Amino acid sequence: MTSFHIPPNAWDVHVHCLDPDRFPYKPSRTYTPQPAPLKSLFSSLLIDNIVLVQASVEDGETGLLQHLDECREEQSTRLARGIIATDLQGLSPSQFDRYHEAGVRGIRIHGSHGGLGDDLDWVRAQLTRAARLYPVKNYDWCISAQLPLKTWSSLADDIVHDRGSELANVTLVADHNGMASPADIDSPELDNFLRLVASGKVYVKIGALHRRSPGDLHAMRPLVQLFAEKAPRRILWGSDWPHVDASSKGLLPAAPMQGVGTVEELEAIHSWLTPRQWSDMLVANPERFKTLDVMQTYRSYSHEYSKEVERKLVRRIDLHILPLVVTMYLFNYLDRNSITQARLGSIQKDTGVDGVVWNTAISIFSAGYIAMQLPSTLLMTKTQPHIFLPGCIILWAIVSGSTAATTSPGGLLAVRFILGLVEAPFFPGAIYFLSCWYTKKELGVRMALLICGILLSNSFAGLISAGILYGMSSIGGLAGWRWLFILEGLATIIVGVAAFFLLPDYPATTKWLTEEEKIVARGRLAADAGSEDILDEEDVSMWKGIQWAAKDHRVGLFACLQMATTASISFSHFFPTTISELGFSDTTVTLLLTSPPYMFAFFWSLGMAYSADRMQKRSPYAAVSAVVAIVATLCEVVLTDQTWARYGLTFVVCAGSFGVYSTTYTWLSSTVVRPPVKRAAAIGIANTLANVASLFGNYFWLDEYQPWYRQSWGAILAFQVLGLACILALRFSLKRANAKFEKLGDEVSPEDEAAVGRMDHDSQRAVLNGFRFIT
């Protein structure tokens, strides 16, 4: 146990890993240290995150790169970065890209052997060569140097005052306390070095104190406190393992290091610094080694490298995320709509529910859904998706399965209301989750796949229900409809548990992405949004997001469109009944006939979404689907006794109605991009109004309208026309906004900060980043 607290995410920024059996030392080495393999390093560390510094005896970069790979593979909770001491002249940008991907974050110059560090011309030449290298200019790699104090003092003017110097624009790190010792206190050289560190252009590594003051560690206290006082945001700590605390690990260090442990050194430093200085030294200041500014790093990648990483990234996202989210939503709708298939069993007889009460049992689900919609959607932005979404799944599976135990109208109504409460978070949460991974151009077809999960669910539901309702009727003394809810609930629980372990959260925290894929994933979303601020908006309050969304008239139009669309697909809640009323008396045949229209609609919706993504247009495709649905619904109103013609029209009605549905949520997410909490609120508002439609839409299909349901189809037709009007209004509004953006782009310079500052967020993005709405 230590007498001091090491904060989480602390860094030891100077350790060595020496494994001559695998990676031999240089033939012309200046000294021969004892082996210190990676396994010994792991067992010795007090701090998890490390920077591996290539020692001067190591021959080439192979050992460092291999050790970084092994740290990533064997110690997944530990961050490991590297400082390379090999001559990197002549390497291509793609080679440096690979080094950066491996975790290298700096170049080291070692001037403490053979008097080279005293040769100011040699040092300047080495530093200048390093400053010209591709990763220093493009990735902001640091240059770490072990140099005598007087050399650092002589470089101060070059670095601090000479703006033309190539060293003025790079980040330097002074190893081993700038090699200052207690004898240097009050010297001009130390004063110059302190001025250099205080300028913000040089970090100083505190550590290996015994090497500067053999036998009296505490003599270094005034130096350490001077560094912390003059430049608290430029101090780092590096243990210099294995040269510290080596003897306790079976190694044989040189005499000055023997008996001096890492714990002893940290205890001393902890007692010398304030709590804030201690935390900054171990956590805040070393953050540059963890990663650079996301957009800075993203822009530093060559176009070819960035595109290659992006192609791999999208494939990985599609493989890891999309199938899982679509499967979850398929089970969401399967559980929600099991009641429509159960009606063809004996559920109404067994629970005593009929007439208007049955329609209420369908609609009351939406009452619960609406009650939880906005709170749960906004909570999604503050909760880890891998906990939030699977938690919803497991809850709704339990509630849905409980439907099998109902025996009265009150019991069925209560279960349906609670089911609405626990299902409410999933759909808007899933849409928000996907929009945190995909760009506007990619999102359409992926979101269409999610929404088409409804169609696959409805298509499979008929097939599954036909088997369960009659294949398991009376087994165990239970009616077939009870088995339907039990088995589907159990299957959904399995999906939820699997999702808890398989679903990631966000790109920045996903372990199966490389560091570069994380940078590209976040950078491309920020660039796609037309604002880098999207990376720093997690702290906006939920209620602020609601206010922003409520004031945006486009959110209102989208919400009205979703309400109209949801009302127009209310036939899906009564689809088995409407099919049977066409003249198909056999229940099994009826259930089987519900499948093909949904499957046709699945391919229609997916095709429209794919084409809309390719063309980066939404309104034309939504309008075409709306017109198709209107024409087919009009025919349903006019025709009466043509059984197969009316059945054929159900294919077209399904395709057109769900074609609109699959387009609009994508359109909303790509229109209201930022901040994320506003996007989540907009999705929540749209989904809330959509479910208001479910409250009244289910009453379109009363028993008194049988067998042709002409009044029902007439009501559907009215809402389809309203939906088309919203589509056209949105197109007009967004095109007008884009015309305004074009005009602003011509009239206002991005350099005119005053003019840009007076603009709203969308106009700022348009002028600064070329943002345009998708119409």
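In what follows, Ala, Val, Leu, Ile, Met, Phe, Trp, Tyr, Cys and Pro count as nonpolar, Asp, Glu, Lys and Arg as charged, and the others, Gly among them, as polar. With that in hand, welcome to a quick tour of this predicted model. By class, the lining of its largest cavity has ten nonpolar, eleven polar and two charged residues.

**Cavities**

- Seven cavities of 30 Å³ or more are found in the whole structure, and the largest cavity holds about 210 Å³ of space.
- Its lining is made of 23 residues, with Tyr333, Arg336, His573, Asn691 and Ser694 lying nearest the centre.
- Helices α15 (322-336), α16 (338-342), α18 (356-380) and α32 (676-697) each give at least two residues to that lining.

**The nonpolar surface patch**

- Helix α23 (residues 480-502) provides the largest share, four residues.
- Phe501 has its place in helix α23 and is exposed, at a relative accessible area of 64%.

**A buried loop residue**

- Thr403 sits in the loop between α19 (385-402) and α20 (409-423), and it counts as buried because its relative accessibility is 3%, where buried means under 20%.
- From Thr403 to Ala414 the C-alpha to C-alpha distance is 9.4 Å, while eleven residues separate them in sequence.

**Salt bridges**

- Asp240 pairs with Arg211, their closest N and O atoms being 2.6 Å apart.
- Since Asp240 lies in the loop between β8 (235-237) and α10 (262-272) and Arg211 in helix α8 (residues 209-212), this pair ties together parts that are 29 residues apart in sequence.
- Asp240 is buried at 0% relative accessible area, whereas Arg211 is partly exposed at 29%.
- Arg276 and Asp280 form a salt bridge with closest N and O atoms 3.3 Å apart; both lie in helix α11 (residues 275-284), four residues apart, about one turn of the helix.
- Here Arg276 is exposed, at 57%, and Asp280 is buried, at 7%.
- Glu517 and Arg316 meet through their side chains in a salt bridge of 2.7 Å, N to O.
- Glu517 belongs to helix α24 (residues 515-529) and Arg316 to helix α14 (residues 303-320), so the pair ties together parts that are 201 residues apart in sequence.
- Glu517 is buried, with a relative accessible area of 6%, and Arg316 is partly exposed, with 26%.

Definitions and conventions: Residues are numbered from 1 along each chain as its sequence is written. This is a predicted model: local features need pLDDT of at least 70, side-chain atom pairs count only at pLDDT 80 or more; totals for chains, interfaces and linings use all residues. Side-chain values use heavy atoms; hydrogens and water are left out. On a 1 Å grid over the protein atoms alone, a cavity is a set of points where a 1.4 Å probe fits but cannot get out, and a pocket is an open set with protein on both sides within 12 Å along at least five of seven lines; lining residues have an atom within 4 Å of a point. Grid points are joined across faces, edges and corners, and a volume is the space filled by probe spheres set on the points. Buried means under 20% relative accessible area, exposed over 50%, partly exposed in between (1.4 Å probe, protein chains only). A salt bridge is a side-chain nitrogen of Lys or Arg within 4 Å of a carboxyl oxygen of Asp or Glu.
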